[in-house]
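Colleague: I have this one open on my screen and would like to go through it with you. Could you walk me through it slowly?

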Amino acid sequence: GTSPVQKVIALLGGLEAKIKRDGAAEEKAYADYMAWCAEGSKETELEIRTAKSQIDDLTATIKKVESDVLSLNEKIDDLAQDISTSEADLKGAVLIRGKENAEFIVAEKQLA
């Protein structure tokens, strides 16, 4: 038969083989996890660079739009002034036309 020492040696041999198999599986799992982390890190870095670029582009767009708004507000003010001036000129022209028309009617009656 098998002696108790031989049984212990056989058990230890089996345990050693199991530990080596488990260790190899753990090493592979760790390597896979590290590869996954590295890939995720690369993707995240790319997303960060892309987002920073978008922030720069959008900031430039905002500054341009703000400048355009100021410029357009100045144009609106100028056009409002032009409208006001034109309305005043129109009122003056209407008064002059009314006065000339009244004078014409009087002159026409005198000729008749």
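Colleague: To start, where is valine 8 found?

Modeller: Valine 8 is found in helix 1, which covers residues 4-111; helices here are DSSP runs of H or I with at least four residues, numbered from the N terminus. Please keep in mind that this is a predicted model, in which local features need pLDDT of at least 70 and side-chain atom pairs count only at pLDDT 80 or more, while totals for chains, interfaces and linings use all residues. Residues are numbered from 1 along each chain as its sequence is written, and side-chain values use heavy atoms, with hydrogens and water left out.

Colleague: Okay, and is valine 8 buried, partly exposed or exposed?

Modeller: Valine 8 counts as partly exposed because its relative accessibility is 45%, where buried means under 20% relative accessible area, exposed means over 50%, and partly exposed lies in between (1.4 Å probe, protein chains only).

Colleague: Which residues make the nonpolar surface patch with it?

Modeller: The patch of about 370 Å² is made by Val8, Leu12, Leu15 and Ile19. A patch takes residues with over 30% relative accessible area and no salt bridge, joining nonpolar side chains (Val, Leu, Ile, Met, Phe, Trp, Tyr) within 5 Å and like charges within 9 Å, and the areas come from the Shrake-Rupley method with a 1.4 Å probe, counting only the protein chains shown as cover for residues.

Colleague: Switching to charges, how many salt bridges are there?

Modeller: The count comes to four salt bridges, taking a salt bridge to be a side-chain nitrogen of Lys or Arg within 4 Å of a carboxyl oxygen of Asp or Glu. One of them joins the side chains of lysine 20 and glutamate 16, with 3.3 Å from N to O.

Colleague: How far apart are those two along helix 1?

Modeller: Lysine 20 and glutamate 16 are separated by about one helical turn, because they are four residues apart in helix 1. Lysine 20 counts as exposed at 56% relative accessibility, whereas glutamate 16 is partly exposed at 44%.

Colleague: And what does aspartate 22 pair with?

Modeller: Aspartate 22 forms a salt bridge with lysine 18, and their closest N and O atoms are 2.9 Å apart. Both residues lie in helix 1, four residues apart, which is about one turn of the helix.

Colleague: Which residue does lysine 28 bridge to?

Modeller: Lysine 28 forms its salt bridge with aspartate 32, the closest N and O atoms being 2.9 Å apart. Lysine 28 is exposed, with a relative accessible area of 53%, while aspartate 32 is partly exposed, at 43%.
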